[in-house]
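Here's a quick tour of the chain you're about to see. Have the viewer open and follow along.

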Amino acid sequence: MYAVIATGGKQYRVTKDAVLRIEKLDAEPGASVEFGQVLLVGEGANVKLGKPHIDGGKVTATVVRHGKAAKVSVVKFRRRKHYLRQKTHRQMFTEVKVTDISGV
């Protein structure tokens, strides 16, 4: 069984016991989190599609850890204008493990 959920402005295809990195959530490691924006639930050829969300559908997950992604360089440059700006950015993430999928 799999589901497509929306969180943090992105969509993720999840299965039970899958570990995924999503945008940072305000939850402690070990806490349980519910995702109510379930867009699709499927099992084999049986697929249930929401318009836009499935009523009563939810995905439950456990927060594994928080962290920072790899460093990304940001460079702004204009040639012959004496303009150069260099910065770096590390995006915060939350790693969750899916424990249950229900698409009632």
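What follows covers the overall fold, the salt bridges and the surface patches.

## Overall shape

First off, this is a predicted model.

As for dimensions, the C-alpha trace spans about 60 × 30 × 20 Å along its principal axes. The radius of gyration is 18 Å, while a compact globule of 104 residues would sit near 13 Å. Of those 104 residues, 34% count as buried.

## A salt-bridge network around Glu95

The count of salt bridges comes to four. Which residues are linked in a network? Arg21, Arg65 and Glu95 are.

Take the Glu95 and Arg21 pair: their closest N and O atoms are 3.4 Å apart. Glu95 belongs to strand β10 (residues 92-103) and Arg21 to strand β3 (residues 19-23), so this contact ties together parts that are 74 residues apart in sequence. Glu95 also forms a salt bridge with Arg65, again with the closest N and O atoms 3.4 Å apart. Arg65 lies in strand β7, so here the parts tied together are 30 residues apart in sequence.

Is Glu95 buried or exposed? Glu95 is buried, because its relative accessible area is 14%, under the 20% cut-off.

Thr62 and Gly30 are 32 residues apart in sequence, yet their C-alpha atoms are 6.0 Å apart in space. At 26% relative accessibility, Thr62 counts as partly exposed.

Another salt bridge joins the side chains of Glu34 and Lys58, at 3.3 Å from N to O. This pair links distant parts of the chain, with Glu34 in strand β4 (residues 32-35) and Lys58 in strand β7, 24 residues apart. Glu34 is exposed at 53% relative accessibility, whereas Lys58 is partly exposed at 33%.

## Surface patches on β8 and β9

Now for the surface. Lys76, Arg78, Arg85 and Lys87 form a positive patch, and β8 (72-78) and β9 (83-89) each supply at least two of its residues. Lys87, in strand β9, is exposed, with a relative accessible area of 61%.

There's a nonpolar patch too, made of Val75, Phe77 and Leu84, which together have about 300 Å² of accessible area. Phe77 is found in strand β8 and counts as exposed, because its relative accessibility is 52%.

Key
Residues numbered from 1 in each chain as written. Predicted model: local features only at pLDDT ≥ 70, side-chain atom pairs only at ≥ 80, totals over all residues. Heavy atoms only, no water. Patch = residues over 30% accessible without salt bridge, like charges linked within 9 Å, V, L, I, M, F, W, Y side chains within 5 Å. Areas by Shrake-Rupley, 256 points an atom, 1.4 Å probe, with all protein chains shown as cover. Lys, Arg positive; Asp, Glu negative; His and termini not counted. Charge placed at Lys NZ, Arg CZ, Asp CG, Glu CD. Helix = DSSP H or I, 4+ residues; strand = E, 2+ residues; numbered from the N terminus. Buried < 20%, exposed > 50% of the residue type's maximum accessible area, 1.4 Å probe, protein only. Rg over C-alpha atoms; globule rule 2.2 N^0.38 Å.
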